[in-house]
Amino acid sequence: MDQKQNVLRLPAEKLYAHELEALKAADKDARPAGWQLSPKAVLTFITGGKAGGTDITPKYIGNKRLVEMAIATLLTDRALLLIGEPGTAKSWLSENLTAAIHGDSSKVVQGTAGTSEEHVRYSWNYALLLAQGPSDQALIRSPILRAMEGGGIARFEEISRCASEVQDALISILSEKTISIPELGREVSAERGFSIIATANTRDRGVNEMSAALKRRFNIIVLPAPSDIDTEIDIVRRRVGEIAASYELRASQPDDEAIRKVVTIFRELRGGLTLDGKEKVKPPSGVISTAEAISLLTGSMALAGSFGNGSISDEDVAAGLQGAIVKDEAKDQLVWKEYLENVMKKRGASWRSLYNACAEMNG
């Protein structure tokens, strides 16, 4: 069976392998040390275009200059930090940049409260360590150490969720480009091409604030939320199509009207104001991001494919909206009810069916 049919989620370098091969074949520009594509070809992979006769799908829809700045950063000895609200495609951009530059996006440290300094540097296979002492065989290399040895890019997701001592372990790595292994009496120096792409969520500010010393080691790029509704609709449409194809949901994709309604609701609740600027809206407690809209619509497809006729109904969308918006039941249920009665109910016949389904779900 084809691997694409058997794996729930392929890494970007495998999902878009045909595009990367086409770009390699058509790429006539100089390639930096350790890179498989030139900077211009990487930009085409991320923002879309043509490579010979192959269409290159856009992986990031937004300000092209921000992508150029990200790529330019990775040409220098500076690491890259992508900051933004949830759902601004930080991890997606990080993965696709790494796939385009090195063809391997798998060297990832996932930042959590439980991430330790060993995840950043190295650890040991203690059975081998006890049996034969410190050795290369007993050494467990972190993703960052493996990237240094191979001149690749390591990804550090949600860096601000890590404790300060874990963040500080990065300072010497980013400054000196070495990791000392005293148990083996040696230092590992980074090969040319090595870098780190980190991501941080603006909602996590105050959890473990990054030190000024660590921030100075990064070039920081802030990824904004989609600037207008049409851009956000385009992002949602594309990602829902890609995810639905991977999951084989046996339902037709949502039409433009359904997508526009979901995105409209999310933008108004996120911004605290109706799109026409005439009425203030209370925001819910949770994150109302583009990623949530994508998840909502793919969930609606799953409902329609499994329990409906394969076409997304207003009842399917209403169920998704209820789950996405009402996170804290007491407060969010009231916020959602006010929105339904003060905004959606007044929008006329085209919104009537969705309003009725949402009102019934909200009880």
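The legends below describe close-up views of a predicted model.

Local features are described where pLDDT is at least 70 and side-chain atom pairs only at pLDDT 80 or more, whereas totals for chains, interfaces and linings use all residues. Residues are numbered from 1 along each chain as its sequence is written, and side-chain values use heavy atoms, with hydrogens and water left out.

**View 1. Tyr16 and Phe45 form an edge-to-face aromatic pair.** A pair of aromatic rings is described by the distance of the centres and the angle of the planes. Here rings of Phe, Tyr and Trp (its six-membered ring) pair if their centres lie within 6.5 Å, with planes under 30 degrees apart counted as stacked, over 60 as edge-to-face and the rest as tilted. By this rule the model has four aromatic pairs. In one of them, the ring centres of Tyr16 and Phe45 are 6.0 Å apart and the planes stand at 80°, so the pair is edge-to-face. Tyr16 belongs to the loop between helix H2 (12–15) and helix H3 (17–26), while Phe45 lies in helix H4 (residues 39–47), so that the pair links distant parts of the chain, 29 residues apart; helices (H or I, at least four residues) and strands (E, at least two) are DSSP runs, numbered from the N terminus. Together with Trp92, Tyr16 and Phe45 form one aromatic cluster.

**View 2. Trp336 and Tyr339 form a stacked pair.** The ring centres of Trp336 and Tyr339 are 5.7 Å apart and their planes meet at 15°, so the pair is stacked. The two residues, both in helix H16 (residues 329–342), are three residues apart, about one turn of the helix, and both Trp336 and Tyr339 are buried.

**View 3. Charged groups sit over the rings of Phe45 and Trp351.** A charge counts as sitting over a ring if NZ of Lys or CZ of Arg is within 6 Å of the ring centre and within 35 degrees of the ring normal. Lys59 lies over the face of Phe45, at 4.0 Å from the ring centre, and the charged end of Arg347 is placed over the ring of Trp351, 5.0 Å from its centre.

**View 4. Asp314 makes a polar contact with Ser353.** Asp314 lies in helix H15 (residues 314–325) and, at 24% relative accessibility, counts as partly exposed. Not counting residues up to four places away in sequence, Asp314 touches Ser353, Leu354 and Ala357, where contact means heavy atoms within 4.5 Å. The side chains of Asp314 and Ser353 make a polar contact at 2.6 Å; such a contact is a pair of N or O atoms within 3.5 Å, of which, within protein, one must be able to donate a hydrogen and the other to accept it, and residues adjacent in sequence count only if both atoms are side-chain atoms.

**View 5. Helix H15 has buried residues covered by other helices.** The buried residues of H15 include Val317, Leu321 and Ile325, and their cover includes helix H13 (256–271), helix H14 (290–307), H16 and helix H17 (349–362). Just after H13, Gly272 takes a positive phi of about 75°.

Notes: Buried < 20%, exposed > 50% of the residue type's maximum accessible area, 1.4 Å probe, protein only.
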